[in-house]
Number of protein chains: 2
Amino acid sequence: MLRTTTCGALSLENLGENVTLCGWMQNSRDLGGMTFIDIRDRYGITQLVFNMNDNADLCQQARELGREYVIKVTGAVVERTNKNKEIATGDIEIKVASLEILNAAKLPPFLIADETDGGDDLRMKYRYLDLRRNPVRNNMVLRHRMAQSVRRYLDGLDFIEVETPVLIKSTPEGARDFVVPSRMNPGEFYALPQSPQTFKQLLMVSGFDRYFQIVKCFRDEDLRADRQPEFTQIDCEMSFVEQEDILNTFEGLIRTLFKEIKGIDLPEVPRMQYSDAMRLYGSDKPDTRFEMLFVELNDIVKGKDFPVFDNAELVVGINAKGCAHYTRKQLDELTDFVKRPQIGATGLIYMRHNEDGSLKSSVDKFYNEEELQKWSAALQTQPGDLVLVLAGAVKEKVQKQMNELRLEMGSRLGLRDKDKFAALWVLDFPLLEWDEESERYHAMHHPFTSPKPEDIALLDTKPGKVRANAYDMVLNGTEIGGGSIRIHDKETQALMFKHLGFSDEEAKKQFGFLLDAFEYGAPPHGGLAFGFDRLCSLFAGLDTIRDVIAFPKNNSGRDVMIDSPSTIDDKQLKELKISTDA
Amino acid sequence: MLRTTTCGALSLENLGENVTLCGWMQNSRDLGGMTFIDIRDRYGITQLVFNMNDNADLCQQARELGREYVIKVTGAVVERTNKNKEIATGDIEIKVASLEILNAAKLPPFLIADETDGGDDLRMKYRYLDLRRNPVRNNMVLRHRMAQSVRRYLDGLDFIEVETPVLIKSTPEGARDFVVPSRMNPGEFYALPQSPQTFKQLLMVSGFDRYFQIVKCFRDEDLRADRQPEFTQIDCEMSFVEQEDILNTFEGLIRTLFKEIKGIDLPEVPRMQYSDAMRLYGSDKPDTRFEMLFVELNDIVKGKDFPVFDNAELVVGINAKGCAHYTRKQLDELTDFVKRPQIGATGLIYMRHNEDGSLKSSVDKFYNEEELQKWSAALQTQPGDLVLVLAGAVKEKVQKQMNELRLEMGSRLGLRDKDKFAALWVLDFPLLEWDEESERYHAMHHPFTSPKPEDIALLDTKPGKVRANAYDMVLNGTEIGGGSIRIHDKETQALMFKHLGFSDEEAKKQFGFLLDAFEYGAPPHGGLAFGFDRLCSLFAGLDTIRDVIAFPKNNSGRDVMIDSPSTIDDKQLKELKISTDA
């Protein structure tokens with residue numbers, strides 16, 4: 001090795017040792033006849049000291065080093081007079097006896113430090129320099145540790161990691177595929193997998209019993225704020241299990257991650273019905289770090305000649321505890337918030353439970369103090385609390401609006417602390433959802449998700465009411481994973497396809513090989529997949545998955561560092577027998 | 001769980017326990033009033049017993065089960081009278097009290113057993129059934145265990161696994177890329193990576209210090225016997241190292257794998273110069289499980305008026321020990337072997353060292369016994385040995401031919417035992433190789449491989465003689481990995497590009513982002529990549545990588561199970577703004 005140790009390893013225990021370090025010149029300070037240089041590598045920072053009186057040439061050489069020069073130094077470990085408690089090596093410094101420049105460096109376009117002066121675009125173009133910054137590189141180290149931990153846990157439970165193919169077959173169902181023209185089979189295309197769903201089910205048919213894979217998946221979708229065209233899943237499947245077994249197994253995984261990675265004893269993960277999540281939080285991924293539960297007020301508020309409430313399908317309130325002091329300006333802000341087009345409420349009604357015990361609402365004209373007492377009772381307000389109420393003609397829309405308002409209030413009240421974690425299982429999702437555009441039911445999860453046996457009879461009468469053996473894990477209001485118990489018998493599968501509007505022929509064309517496989521002895525099976533990028537970003541306390549991906553793409557799907565995608569040679573197009581019409 | 005234990009877990013220790021097993025019906029035998037059924041899962045096989053006298057209905061139900069039916073049984077663990085020492089559960093059987101059919105199965109198209117009657121094509125089409133067979137599934141389990149072991153070893157040495165992107169940029173250099181049309185950037189394409197080479201070097205520039213990844217790579221090449229369009233590498237890179245550090249680190253990895261996976265203490269891996277490998281084995285990937293080294297005979301045989309030898313650049317012999325008894329027919333076979341077009345020798349000369357001590361050659365006309373004594377001395381023959389000699393006008397061709405003959409003899413003599421392992425480092429590969437077609441030197445490894453400092457002066461005079469800091473690891477005559485110390489300074493890189501015939505502009509166009517990165521403080525670094533599929537196949541004692549890949553493609557790049565590649569919808573083509581000319 002070019003070095004004897006790293007820049008993060010030395011302490012008072014090493015006093016007097018002669019060491020060689022390699023790393024990057026972080027910064028340099030001249031103090032009288034001395035020069036102090038911080039040398040940095042992945043493992044830490046060590047202070048180097050040069051003295052004009054001891055060796056003027058060497059000290060001069062040190063003074064001429066530029067930022068980010070790669071250097072190799074040899075010298076003795078000595079105790080620092082001016083100790084730095086902020087860093088692990090802060091008790092010592094290296095009295096340098098020799099210095100070698102391994103590589104010079106141009107001045108980087110932004111500061112390589114925990115807090116940088118580089119803008120987003122510049123840091124994306126020079127991603128390899130941004131990755132040099134501790135907070136960014138630490139995200140990748142965290143990700144590595146999480147992946148190792150996941151593998152250790154699943155391996156310990158007899159799960160086998162099997163690599164499924166990346167060059168697979170395009171199916172019209174689901175999101176848009178990336179495709180790959182085949183040179184050896186002109187006119188034909190591979191597709192990149194959106195998930196290894198069918199392959200993992202085939203592995204169950206093959207008797208693999210317990211499968212997992214940390215695997216890249218691909219979706220050619222218009223990229224919203226925090227989507228990437230390639231993303232990573234922890235993909236899992238088990239045979240001979242019921243929902244309860246899956247929940248226990250993967251709750252164990254998440255709790256193990258919290259313990260090993262963050263040293264947190266995550267409590268047992270609570271479980272909630274999908275219907276309750278919608279009723280109490282207006283969301284299938286509630287942020288349970290704070291309460292502020294929805295309270296339906298229909299029975300209390302209707303019939304008082306207030307048309308907004310009388311005409312509503314749902315009147316729903318939340319108790320923003322301790323917010324009675326909100327000023328008119330603050331309440332106007334909240335009103336503006338819910339009226340934003342992407343939220344779409346028509347207005348916001350509030351009631352203050354004043355410190356003196358009086359109740360005061362924005363609709364006093366319709367509701368006297370006695371009526372407001374009912375609101376107060378329903379929402380369990382105390383002096384100092386503020387009730388916020390939304391109403392509307394379509395229940396689902398009001399729930400969605402109130403969900404946004406609840407999250408906004410949670411943020412304003414500091415209840416969404418990134419260092420606090422609340423996980424939740426949401427269970428019994430609907431099997432089907434109505435699609436306005438195609439005017440038919442779609443599978444909410446996918447067509448192989450099994451209905452609850454007790455609900456199968458509803459398929460003919462109230463298909464939207466049929467519940468599935470499907471479950472999501474939610475962490476801090478973000479869906480981090482989901483899955484289902486699959487259908488494994490032909491009859492139920494045929495019934496499912498019928499209700500999804502597939503002809504036998506269509507079903508065969510799209511899912512033929514899997515349907516064939518199911519005829520040769522498919523075991524009962526189920527599984528789930530976690531979004532690994534999202535999980536990492538939550539563990540890292542980050543808002544975007546981009547920061548836990550070493551080389552992410554921007555919102556146009558471009559890698560601006562390598563300038564990809566790009567045009568290709570005509571020769572390549574000819575070999576592939578395709579032309580571009582762009 | 002639907003079961004209380006697996007089909008591989010029960011023994012006499014469990015006598016009397018009431019258990020529930022799930023699995024596949026492997027086979028069934030009726031013996032008098034009894035029925036014996038083997039139930040199989042991934043973990044093993046357990047015998048079930050049913051008795052007409054105890055429960056006629058149940059026994060009748062058992063008799064009606066078809067092969068590969070998925071069943072669930074409950075019953076008591078009892079001792080077998082007729083023990084089966086071949087299987088782990090052979091001491092016990094389950095006296096079944098209840099039986100449930102979880103899924104029926106059509107009769108599989110081939111036998112699901114260690115030895116099957118299914119042909120290759122049928123087994124590829126029903127790969128999910130082939131994977132049900134123990135030897136095939138065990139390969140995947142082996143692969144999983146190897147991957148876990150690799151990750152554990154490298155993690156223990158502070159390597160970080162970083163996921164590099166799959167959607168990258170096409171470069172004309174190297175093998176042919178698979179490309180992916182970009183819908184969001186019409187007319188432009190991503191490419192799938194042939195290796196993460198540039199990204200791992202960027203990670204070194206980023207200060208990651210030690211990187212690895214078990215990663216899918218892609219090459220759109222015509223598929224020879226044992227290539228796959230998608231394959232897996234163990235890709236690694238280290239900073240601040242010299243060649244010796246890389247060799248030690250990754251020799252450690254391979255020895256750890258042998259120890260953990262096969263319980264073998266692999267001895268220290270010998271090292272051999274590329275030039276010696278060519279001289280002694282005629283190959284840069286010698287099979288060192290056996291000796292039979294090349295002996296150059298030029299000095300001994302020339303000048304005896306035998307034109308075949310006199311006109312040859314190389315006359316080379318091997319000693320096939322104990323083969324003097326070879327019949328004329330066997331020798332003719334060997335002659336036919338070396339004369340096959342793909343080998344291309346013009347003939348084979350031999351000398352028998354007979355048991356009586358006499359020497360007898362196929363060229364006695366030119367070489368008397370005294371001359372043959374020189375052959376015998378050079379090749380250290382003993383009574384019973386057979387010398388095989390090849391000669392030709394181009395040294396490299398003769399070496400290649402003799403390599404083939406040596407391997408053939410090794411196989412015939414049983415010296416290439418799949419359970420025996422011989423690893424080897426081949427060092428100091430040439431930096432450049434002449435390419436006849438383009439009439440210029442190409443980088444033998446890649447353009448970022450560093451030349452040996454002491455050879456740099458030869459770049460101008462004898463570029464073909466310049467050695468690189470490049471190394472391969474060879475196992476049993478197969479290259480399993482290779483890498484190099486990279487160039488990390490601008491000057492050497494510019495020199496290298498000049499000698500590869502790149503203009504500054506071309507270099508910038510193809511490798512601009514990496515060259516830019518090298519200007520911002522690149523550390524000395526190097527690495528290597530192992531072919532993971534190949535490594536697994538060698539560990540499994542298999543001839544093809546196909547058998548260690550869960551869902552491989554055939555020689556036309558097709559997955560016949562899912563029938564991919566396939567045509568895609570016109571709608572998809574339109575969205576991508578491409579058309580097919582096929």
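**Exercise 1. Charges across the interface**

How many salt bridges does the rule find across the interface of chain A and chain B?

*Solution.* Keep in mind that this is a predicted model. Start with the cut-off: a side-chain nitrogen of Lys or Arg has to lie within 4 Å of a carboxyl oxygen of Asp or Glu. With that rule, 16 salt bridges are found across the interface of chain A and chain B. Now try one pair yourself: Arg176(B) and Glu575(A) join their side chains in a salt bridge, at 2.8 Å from N to O.

**Exercise 2. The extent of the contact**

Describe the interface of chain A and chain B by residues, area and class.

*Solution.* Begin with residues: chain A gives 127 residues to the contact and chain B gives 127 residues. Next comes area. The size of an interface is often given as the accessible area lost when the parts come together. Here chain A and chain B bury about 11300 Å² between them, and 57% of it is on carbon and sulfur atoms. In chain A, the residues that lose the most area to chain B are Glu163(A), Phe240(A) and Tyr520(A), together 8% of what that side buries.

Then look at polar pairs: between chain A and chain B, 78 residue pairs are in polar contact, with both residues at pLDDT 80 or more. Helix α4 (residues 134–156) of chain A supplies the largest share of the side of chain A that touches chain B, eight residues. Sorted by class, that side of chain A has 66 nonpolar, 24 polar and 37 charged residues.

**Exercise 3. A sheet within chain A**

In what order do the five strands of the open sheet in chain A run, and which are the edge strands?

*Solution.* The order is β12-β13-β16-β14-β15, with antiparallel pairing. The edges are β12 (295–296) and β15 (359–361) of chain A, each of which pairs on one side only. Inside the sheet, follow β13 (residues 314–320) and β16 (residues 386–392) of chain A, antiparallel over seven bridges. There, Ile318(A) has Leu388(A) in β16(A) as its bridge partner.

**Exercise 4. Backbone exceptions**

*Solution.* Most residues other than glycine have a negative phi, and most peptide bonds are trans. Pro565(A) is in the loop between α16 (532–539) and α17 (570–576) of chain A, and the peptide bond from Ser564(A) to Pro565(A) is cis, with omega near 0°. In chain B, the bond from Ser564(B) to Pro565(B) is likewise cis. Asp305(A) sits in the loop between α8 (298–301) and α9 (307–310) of chain A, and its phi is positive, near 70°.

Key. Residues numbered from 1 in each chain as written. Chains lettered and ligands numbered in written order. Heavy atoms only, no water. Contact = heavy atoms within 4.5 Å. Buried area = accessible area lost by both parts, 1.4 Å probe. Polar contact = N/O pair within 3.5 Å; in protein donor to acceptor, adjacent residues only side chain to side chain. Helix = DSSP H or I, 4+ residues; strand = E, 2+ residues; numbered from the N terminus. Nonpolar A, V, L, I, M, F, W, Y, C, P; charged D, E, K, R; others polar. Pairing = 2+ DSSP bridges.
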